[in-house]
Amino acid sequence: DMPMDFIEEVVSRGFDRQLVFNTIEPYMVNSLSLFEQKFMELSTGGRATANDFEKSVKQLFEERLHYKTTHTGQRHRAGRTGGFSDLFIQEVSGRFCAIIDTKASPNYNISATDYHTMTNSYIPSIEELEEHHNEALGFCAYVAGGFSNSMNDRLHVLSEEAGQCVSAIL
């Protein structure tokens, strides 16, 4: 998006509007919005930005992708060990849902603990969420600022063991 306030200010100082547009347009193509810039910072910030990153991914799925999204990362399972994935997502038709685990890391790889948590807690626990209304689990995903070289192999093994498509989103 063009910074219209800036453009109007420059034009008010006597510069031709088209000249201003033509001059700054090449720089705007590669620039990030404030949301995108902050999102990228949070996605690689580690524990210090983890909760804010969860909320930013929720905002992205709600406002940009138009899914009903619930932040479930800090909830605990009643009378059971383990918790829920960071986000529970429902598509508009109400037929499918998804779970997202966010990782504020520039080089994330599925650890043994995260692998176990996805297969033994997050996937089986979706039916315990009050927001879940018998939608089929469409997919599970990890969202991070970057992934290790072995991530695809780990996702393939996890998908097979879980019997569920597990992917990664950068």
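Author: One term to begin with: a contact means heavy atoms within 4.5 Å. Among contacts in the chain between residues at least 6 apart in sequence, 60% join residues at least 24 apart. Keep in mind that this is a predicted model.

Reader: OK. How many helices and strands does the chain come to?
Author: The count is 6 helices and 5 strands. Along the sequence they follow the pattern α-α-α-α-β-β-β-α-β-α-β.

Reader: Is the chain a compact globule or more spread out?
Author: More spread out, because its radius of gyration is 20 Å, well over the 15 Å that the globule rule gives for 170 residues. Along the principal axes, the C-alpha atoms fill a box of roughly 70 × 35 × 25 Å.

Reader: And what percentage of the residues is buried?
Author: Buried residues make up 38% of the 170 in the chain.

Reader: Which residues touch the most other members in the largest nonpolar core?
Author: That core has 20 residues, and those touching the most other members are Ile99, Ile110, Met118, Leu137, Cys140, Tyr142 and Leu158. At least two residues each come from strand 3 (96–102), helix 5 (112–125), strand 4 (136–143) and helix 6 (151–162). Helix 5 gives the largest share, 4 residues.

Reader: Pick one. What does Leu158 touch?
Author: Leaving out residues up to four places away in sequence, Leu158 touches Ile110, Tyr115, Met118, Thr119, Tyr142 and Val166. There is also a second, separate core of 13 residues, which includes Ala98, Ala104, Ala141 and Val143.

Reader: Back to strand 3. Is isoleucine 100 buried or exposed?
Author: Isoleucine 100, found in strand 3, counts as buried because its relative accessibility is 0%, and the cut-off for buried is under 20%. Beyond four places in sequence, isoleucine 100 touches Val57, Phe61, Ser85, Asp86, Leu87, Ile89, Phe139, Ala141 and Val143.

Reader: How far apart are isoleucine 100 and threonine 81?
Author: They are 19 residues apart in sequence and 19 Å apart in space, C-alpha to C-alpha.

Reader: What about aspartate 101, buried or exposed?
Author: Aspartate 101 also has its place in strand 3. It is buried, because its relative accessible area is 3%, under the 20% cut-off.

Reader: So what does aspartate 101 touch?
Author: Not counting residues up to four places away in sequence, aspartate 101 touches Asp86, Met118, Tyr122, Ala141, Tyr142 and Val143.

Reader: Switching topic. What volume does the largest pocket have?
Author: About 200 Å³. Its lining consists of Gly46, Arg47, Ala50, Glu54, Thr102, Lys103, Ala104, Ser105 and Tyr108.

Reader: How do the lining residues divide into nonpolar, polar and charged?
Author: There are 3 nonpolar, 3 polar and 3 charged residues in that lining.

Reader: Last topic, backbone angles. What is phi of histidine 66?
Author: Phi of histidine 66 is near 65°, a positive value in a residue other than glycine. Most residues other than glycine have a negative phi. Histidine 66 sits in the loop between helix 4 (50–64) and strand 1 (68–71). With a relative accessible area of 55%, histidine 66 is exposed.

Reader: And asparagine 134, where is that found?
Author: Asparagine 134 is in the loop between helix 5 and strand 4. Its phi is near 65°, again a positive value in a residue other than glycine. Asparagine 134 is exposed, because its relative accessible area is 72% and exposed means over 50%.

Terms used
Residues numbered from 1 in each chain as written. Predicted model: local features only at pLDDT ≥ 70, side-chain atom pairs only at ≥ 80, totals over all residues. Heavy atoms only, no water. 1 Å grid on protein atoms, 1.4 Å probe; cavity = no way out; pocket = protein on both sides within 12 Å on 5 of 7 lines; lining within 4 Å. Points joined across faces, edges and corners; volume = space filled by probe spheres on them. Nonpolar A, V, L, I, M, F, W, Y, C, P; charged D, E, K, R; others polar. Core = buried A, V, L, I, M, F, W, Y, C linked by side-chain atoms within 4.5 Å. Buried < 20%, exposed > 50% of the residue type's maximum accessible area, 1.4 Å probe, protein only. Rg over C-alpha atoms; globule rule 2.2 N^0.38 Å.
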